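Please read it with the model open.

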Amino acid sequence: MNKGGEVHIKLLQEKIAYERDERSYKLLFLHFYKGLLGFAFTFVKTQETAEEIVSDVMMKIWNMQAALAAVENLKLYLYTAVKNTSIT
């Protein structure tokens, strides 16, 4: 992702963290969903389980509130969370 995209993601993170902005959450969800879903599928091998894992991880992002703004690399954070959830 280019620097502009990184800034965009960080802005969405902050709007979600501090303003609980649902539109920003939806944009963030849509931005990462397809990649995270494919990644989860490589571990669990079923579409339904992969969808559930990604939804659970994204819900945790929403519930982090202000702590979300402190995440430096959201993409890495999300992929790590999906992997950890998939293998447990």
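## Basis and fold

Helices (H or I, at least four residues) and strands (E, at least two) are DSSP runs, numbered from the N terminus. The model is predicted: local features need pLDDT of at least 70, side-chain atom pairs count only at pLDDT 80 or more, and totals for chains, interfaces and linings use all residues. Residues are numbered from 1 along each chain as its sequence is written, and side-chain values use heavy atoms, with hydrogens and water left out.

The protein chain has four helices and zero strands. Read from the N terminus, its elements run α-α-α-α. The radius of gyration is 13 Å, close to the 12 Å of the globule rule for 88 residues, so the protein chain is as compact as a globular protein of that length. That radius is taken over C-alpha atoms, and the rule is 2.2 Å times the number of residues to the power 0.38. The C-alpha trace spans about 35 × 25 × 20 Å along its principal axes.

Of the 88 residues, 32% are buried. Buried means under 20% relative accessible area, exposed over 50%, and partly exposed in between (1.4 Å probe, protein chains only). Contact means heavy atoms within 4.5 Å. Among contacts with a separation of 6 or more, 58% join residues 24 or more positions apart.

## Packing of α2 on α3

Helix α2 covers residues 22–44 and helix α3 residues 47–63; their axes come within 8 Å and cross at roughly 140 degrees. That makes α2 oblique to α3. Angles under 35 degrees count as roughly parallel, over 145 as roughly antiparallel, 65 to 115 as roughly perpendicular and the rest as oblique. Axes are lines fitted to C-alpha atoms, for helices over the stretch in contact, and angles run from 0 to 180 degrees between N-to-C directions.

The crossing of α2 and α3 is right-handed. A crossing is right-handed if the near helix is turned clockwise from the far one by less than a right angle, and left-handed if anticlockwise. On the α2 side, the contact residues include Tyr25, Phe29, Tyr33 and Phe41. Those of α3 include Ile53, Val54, Met58 and Trp62. By class, this contact of α2 with α3 has 16 nonpolar, two polar and two charged residues. Ala, Val, Leu, Ile, Met, Phe, Trp, Tyr, Cys and Pro count as nonpolar, Asp, Glu, Lys and Arg as charged, and the others, Gly among them, as polar.

## Packing of α2 on α4

Helix α4 takes in residues 74–86 and packs on α2 at an angle of about 35 degrees, with the axes 10 Å apart. The crossing of α2 with α4 is right-handed. Among the residues in contact are Phe32, Gly35, Phe39 and Phe43 of α2, and Leu78, Tyr79 and Val82 of α4. The contact of α2 with α4 has eleven nonpolar, two polar and two charged residues.

## Single residues

Glutamine 13 lies in helix α1, residues 3–19. Glutamine 13 is buried, at 1% relative accessible area. Leaving out residues up to four places away in sequence, glutamine 13 touches Leu68, Ala69, Val71 and Leu74.

Leucine 27 sits in helix α2. Leucine 27 is partly exposed, at 34% relative accessible area. Its C-alpha atom is 9.3 Å from that of isoleucine 9, 18 residues apart along the chain.

## Positive phi in the loops

Arginine 20 is not a glycine, yet has a positive phi of about 55 degrees. Arginine 20 lies in the loop between α1 and α2. Its relative accessible area is 28%, so arginine 20 is partly exposed.

Glutamine 65, also not a glycine, has a positive phi of about 55 degrees. The loop between α3 and α4 holds glutamine 65. Glutamine 65 is partly exposed, with a relative accessible area of 43%.
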